[in-house]
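Here are my notes on the model, as numbered points. Please read them with the structure open.

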Amino acid sequence: MALLQIAEPGQTAKPHQRKLAVGIDLGTTHSLVASVRSGQAETLPNSRGEHLLPSVVHYLADELPQVGIKAQLHLVDDAANTVMSVKRLMGRGIDDVKRLGESMPYLFEACDQGMPLINTVSGLKSPVQVSADILRALVQRGESSLGGELVGAVITVPAYFDDAQRQATKDAAQLAGIQVLRLLNEPTAAAVAYGLEQQQQGTIAVFDLGGGTFDISVLRMEQGVFEVLATGGDSALGGDDFDHALAEWMRQERQISAQLNLAQQRFLLRLARTGKEALSDELSTQLSFEGWPGDGAYAALELTRKQMDDLLDPVISKAIRATKRTLRDAKVALDDIAEVVMVGGSTRNLRVQERVAELFQRQPLTSIDPDRVVALGAARQADVLAGNQSGEELLLLDVLPLSLGLETMGGLVERVIDRNTPIPVARAQEFTTYQDGQTAMAIHVLQGERELVQDCRSLSRFELRGIPAMAAGAAKIRVTFQVDADGLLEVSARELTSGVAASVQVKPSYGLSDQQVADMIKASWTNVEDDRSARSLREQQVEADRLLEAVTMALAEDGERLLTTQEQQVIVEQMEQLVLARNGDDHHAIAKQIEVMAKASDAYAAMRMDDSIKRALAGKAVDQL
Amino acid sequence: MDISQDFFSCYGLVCDFSIDMEALRQTHRSLQQQHHPDRFVSQSDSVQRHAVQVTAYLNQAYATLSEPLLRGIYLLQLKGMDPLAPTNTQMPMDFLLQQIELRECLEDLHQAQDPQPKIDAMMAQLEAQANQLESDFAQAYASSHLDQAETSVRKLQFIVKLQQQLDALEGELLD
């Protein structure tokens, strides 16, 4: 029977044969599940009519975990066993998590792959497991609302999510027993929700400002094809920064000491949020310090819309700058943008809407609930991928959010695929051996925009072994990167003359802090100058090492035979000079000494060449050659 | 979809420098529609892997054909030439001198007061040079003067690199 229900892709299944598929917005603070029913995408509520599922899991000793509102109730009384904001831990290592500090009141333990585990009464839980528990709750809601088993889900991720974070999300789905039809970037999902609803054509910008992150994507829509032209943003910029700016202003206005305890900080932040919300309807509001948790009393404070706007502007300006950069990356001018779509709770802020309208000279679209728009778009895509839509209706073409590369000599990153390259993509790059007789090569895969290994995210390391011993530079090692439609990477390496091969599915187990990911996105802009001189320095150092090694080996081999003691002395002195320069940080000085050194050893190199020819020819008659 | 054929054949184009960009774009769209992995989600792993490979090939082909520099290099590679060979470094002296001058201009822009008009002027100058080199290449290629075509494309590579650096500089100044 089951076989009869399979519809060919491109054919519409009859209503009773529709495959049940959902779109899931797995969010930091709350999650949603949505599906297409009778041609309409809608978010699915629970039995009490609530659509948003708080992304909170409460672990119990001998029972199944509670998820959502029930779990949320225990955030204070059982903080250590109630996990929230787990999305911030996905694909991260224990060291990154420690850097998140007090905001995470859990007992962490590292497992052998360096993944952070949360110590709860129901055992050690990895972020992947916690996410899986949230996904399970959403899938159950989907199945009971739709009345049947799901064939799969489209799960959304922030566009700036790197390979490790995407992989962790996919692992969570696997753990929850749900087939991932596709990982979809959140801004792309939002564009789909708007685009299909309004039959948009042309180029649009999706401005996605959440609590702690900012994503901007530029897409072109044409006959059902949604093509992402560029994506960018700042993973440490969001509505939380608004609250902090307002709280800091209040503190200064009332001359409260900067040494605040946790309760006082929370008080000011809550007051900031209340004020922010009040000013969405009023032009001015009173902020009352009643109930201040500490010594002294403070008079109520008036906050006007104008004052608030001035306080928020520096934060919004950061998002505006990131937007301009992304438009440049997309090679799109401001007036090419036909619509601006707003996503994320923080875009409800009127000043944000004003500034965005000012930049694009048009009113941004806010007609779909910014909390739900991502899930609705994901549901559309899930419906298409499950094969319920006819023909060539919808195709999403996405891009790689962060550049991929390999470590080369001297701790430099060689880019293999640039960010904003359309995916799927495959690229190969050839490398060679550095030393004579080298039989193995370490391959270190990195993601990020900076030029030095230490500034990028390390995704994976593996080794290509069994390379036949050859002279330095003779082996040809081709490293191939393949990124699939989910943005997940697979790397393989092959030595071309011998065919020796190795490959890995990139499964990283360690990660970076939020701050470092933010750096990847934005610091490539601010650190260009730094990077450039650091790069020159490393390049010259590598060059110096190469020369030193070659001359050292040559001297050991035939220095005494070919050179007088004095000639040897001159070369050794120059080598010492080069070592000194090499250990300094002036790349000009190294370059200069390399030149001097090369000159000093030129004659010797010529002698060696003559010598080896002589020896090759020794004792052979002309007709033997 | 045969991914061993050359990029031009795959898009049904004549192997030439001048191509109809709009037709290329349309064809790319419809090929993506047919071959994208999203079309094969419910099928076997090997079918899906193949779809990833085909789409990666199409993306590579499209990127190559839509950029004049890459298209030029590719045309010469199809003729068995290697314009990017590291041994291939000889350039006419006057061109090199001009490049050094342009590079100095670019360096000066880092310190310039009100750099935008100067950036715009340099952009325009580079754009004009790129256009000239593209038309030189087209002519040389059409008349089978492949050595000349190679020189043009290598010059173009210098110009494109400068354009990228200028673009990056403008991006920095935005902040």
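1. Start with a loop in chain A. A:Pro424 sits between strand E21 (412-417) and strand E22 (425-431) of chain A. The peptide bond that joins A:Ile423 to A:Pro424 is cis, with omega at about 0 degrees. Most peptide bonds are trans. Bear in mind that this is a predicted model.

2. Next, A:Lys331. This residue lies in the loop between helix H8 (305-329) and strand E18 (337-343) of chain A. A:Lys331 is not a glycine, yet its phi is positive, about 55 degrees. Is A:Lys331 buried or exposed? A:Lys331 has 11 other C-beta atoms within 10 Å. The cut-off for exposed is 12 or fewer, so A:Lys331 is exposed.

3. A:Gln361 also deserves a look. Its phi is near 60 degrees, a positive value in a residue other than glycine. A:Gln361 belongs to the loop between helix H9 (350-360) and helix H10 (373-385) of chain A. It counts as exposed because it has 9 C-beta neighbours inside 10 Å. For background, most residues other than glycine have a negative phi.

4. Now the nonpolar cores. The largest has 165 residues. Which of them touch the most other members? They are A:Leu135, A:Ala153 and A:Val341. Take A:Leu135, leaving aside its neighbours within four places in sequence: its contacts are A:Ile24, A:Leu26, A:Ala172, A:Ala173, A:Ala176 and A:Ile178. A second core is separate and has 9 residues, including A:Ile571, A:Met575, A:Ile590 and A:Met597. In soluble globular proteins, nonpolar side chains tend to be buried together.

5. Turn to chain B. It is divided into domain 1 (7-66) and domain 2 (93-174). How far apart are the C-alpha centres of domain 1 of chain B and domain 2 of chain B? They lie 30 Å apart.

6. Look at one helix pair in chain B. The axes of helix H3 (residues 45-66) of chain B and H4(B) come within 5 Å and cross at roughly 105 degrees. H3(B) is therefore roughly perpendicular to H4(B). On the H3(B) side, the contact is made by B:Ala63, B:Thr64 and B:Leu65. On the H4(B) side, B:Leu70, B:Arg71 and B:Tyr74 take part.

7. Last, confidence. Chain B has a mean pLDDT of 89, and 97% of its residues reach 70 or more. Among the elements of chain B, helix H4 (residues 68-78) has the highest mean pLDDT, 95. Helix H5 (residues 93-111) of chain B has the lowest, 86. For the complex, the predictor gives an ipTM of 0.87 and a pTM of 0.76.

Conventions
Residues are numbered from 1 along each chain as its sequence is written. Chains are lettered from A and ligands numbered from 1 in the order in which they are written. This is a predicted model: local features need pLDDT of at least 70, side-chain atom pairs count only at pLDDT 80 or more; totals for chains, interfaces and linings use all residues. Domain bounds come from an automatic or database domain assignment. A nonpolar core is a set of buried Ala, Val, Leu, Ile, Met, Phe, Trp, Tyr and Cys residues joined through C-beta atoms within 7 Å. A residue is buried if 20 or more other C-beta atoms lie within 10 Å of its own, exposed if 12 or fewer, and partly exposed in between; C-beta atoms are placed from the backbone. Two residues are in contact if their C-beta atoms, placed from the backbone, lie within 7 Å. pLDDT is the predictor's confidence in each residue, from 0 to 100. Helices (H or I, at least four residues) and strands (E, at least two) are DSSP runs, numbered from the N terminus. Axes are lines fitted to C-alpha atoms, for helices over the stretch in contact, and angles run from 0 to 180 degrees between N-to-C directions. Angles under 35 degrees count as roughly parallel, over 145 as roughly antiparallel, 65 to 115 as roughly perpendicular and the rest as oblique.
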